Amino acid sequence: MSFLFPYLLRLADDRLVLGHRVSEWCGHGPILEEDIALANVALDLIGEATALYKLAGAAEGQGRNEDALAYFRDAVDFRNVLFVELPKGDFAVTIVRQLFFSVYSLLQMEALSKSTNAELAGVAAKTVKEARYHIRHSAQWVVTLGDGTDESHARAQRAVNDLWRYTGELFLADDVDREAAAAGVGIDPSTLADAWRTQVTEVLQRATLTVPTVAYMQRGGRDGKHTEHLGHMLDEMQIVARSHPGASW
Amino acid sequence: MSEQVQDSQWPLWEVFLQPPKGEAHEHAGSVHAATAEQALQNARDVYSRRGEAVSIWVVPSGAITASTPEDMGPFFDPGNDKAYRHPQFYKAPRGVRVF
């Protein structure tokens, strides 16, 4: 089961990194209610990551717990897609990315809730509920922004255009994915691409936004080849844990 | 209520939550939101993230007609001179004493 640790790790890394990006809105939300909503989304994602890191640490068997995996690895050791590590941008970028990721997460976790790994299936079932709510929240916002004022429409379209070239990596399958899928533990992400595109396109059309046509898709995160943004983000995210190793509060 | 303070934010909505025990919806507070759906989601995020409710109502605050302090007398004077209006007037049979 050598695929199990790397497979669980990438599921967790996607969620921790995106969760941290969303948490950067805390205290900076456009209005109080949305500030709380974004903090809730961030907490959901970090909670999902925590559960997955626990499983990953157990699968690895080296005694690393969720804190060790989250706070004591460097950027090259992270296996998240580039998509989630991009800066939070303006509110449109954050909310469009949340829609894109949540639709992906729902499809992925619906499949994983039938995993032959009972613990992973359990985490997936909980994540499905959270992803459904995140879609409802972000889709409502994407439509509000896209079908809103000239300014909000332009910003939403720019966010869609800027993020689109990073979405291809979500559906790239490597050996870890294929082995996990063959064992009935995981799924091959390339099988999610069509459903994802259909659902995202439906929301973008309601929002009067245009689906971009991009030939070249960015990739590298699953191999540890990250953008410069991840290192800066981890510096901030990890500094307290690294300055005070073993501290508890 | 003729001189309302102009609110610079989105419209205000009153939030009512139904507790899991199946009791009636109770007023929980208020949220700002541009649409009813957004108000529902904000209410969920602000007032019901930890399983406090099984159902949420949101109502535009402006849709609520409320009594005013001046109504105190005519609305709520208990009419103590009419003792028969009070349930205490009746004697409960022994079988229902538990109430």
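This is a predicted model: local features need pLDDT of at least 70, side-chain atom pairs count only at pLDDT 80 or more; totals for chains, interfaces and linings use all residues.
Let me turn to the chain as a whole. Chain A has ten helices and zero strands, so that its pattern along the sequence reads α-α-α-α-α-α-α-α-α-α. Its radius of gyration is 17 Å, close to the 18 Å that the globule rule gives for 249 residues, so chain A is as compact as a globular protein of that length; the radius is taken over C-alpha atoms, and the rule is 2.2 Å times the number of residues to the power 0.38. Along the principal axes, the C-alpha atoms fill a box of roughly 55 × 40 × 30 Å.

Of the 249 residues in chain A, 54% are buried, where buried means under 20% relative accessible area, exposed means over 50%, and partly exposed lies in between, with a 1.4 Å probe and protein chains only. If we take the contacts (heavy atoms within 4.5 Å) in chain A with a separation of 6 or more, 81% of them are between residues 24 or more positions apart.

Not counting residues up to four places away in sequence, S138(A) touches I95(A), Q98(A) and L99(A). A139(A) is also placed in helix α6 and is buried, at 8%, and, with neighbours within four places left aside, A139(A) is in contact with L99(A) and V203(A). The C-alpha atoms of A139(A) and V200(A) are separated by 8.9 Å, although these residues are 61 apart along the chain.

What about the loop between α5 (91-112) and α6 (118-146)? That is the place of S115(A), which is buried with a relative accessible area of 10%. A polar atom of the S115(A) side chain lies 2.9 Å from the backbone nitrogen of N117(A). Leaving aside neighbours within four places in sequence, S115(A) is in contact with L120(A), A121(A), G184(A) and V185(A).

Now to the charged pairs. How many salt bridges are there over all chains? The count comes to 19, a salt bridge being a side-chain nitrogen of Lys or Arg within 4 Å of a carboxyl oxygen of Asp or Glu. One of them pairs E110(A) with R132(A), with the closest N and O atoms 3.0 Å apart, and this pair links distant parts of the chain, since E110(A) is in helix α5 and R132(A) in helix α6, 22 residues apart. Both partners are partly exposed, E110(A) at 27% and R132(A) at 45%.

Another salt bridge joins R21(A) and E24(A) at 2.9 Å, N to O; here R21(A) is buried at 7%, while E24(A) is partly exposed at 22%. In helix α7 (residues 150-164), E151(A) and R155(A) lie four residues apart, about one turn of the helix, and their side chains meet in a salt bridge of 2.7 Å, N to O. Salt bridges that share partners also join R10(A), D174(A) and D177(A) into one network.

Finally, let me return to I239(A) and the surface. I239(A) counts as partly exposed, at 48% relative accessibility, and together with V240(A) and W249(A) it forms a nonpolar surface patch with about 410 Å² of accessible area. Such patches are made of residues with over 30% relative accessible area and no salt bridge, like charges being joined within 9 Å and nonpolar side chains (Val, Leu, Ile, Met, Phe, Trp, Tyr) within 5 Å. Chain A exposes about 10800 Å², with carbon and sulfur atoms supplying 54% of it; these areas come from the Shrake-Rupley method with a 1.4 Å probe, and for residues only the protein chains shown count as cover.

Key. Residues are numbered from 1 along each chain as its sequence is written. Chains are lettered from A and ligands numbered from 1 in the order in which they are written. Side-chain values use heavy atoms; hydrogens and water are left out. Helices (H or I, at least four residues) and strands (E, at least two) are DSSP runs, numbered from the N terminus. A polar contact is a pair of N or O atoms within 3.5 Å; within protein, one must be able to donate a hydrogen and the other to accept it, and residues adjacent in sequence count only if both atoms are side-chain atoms.
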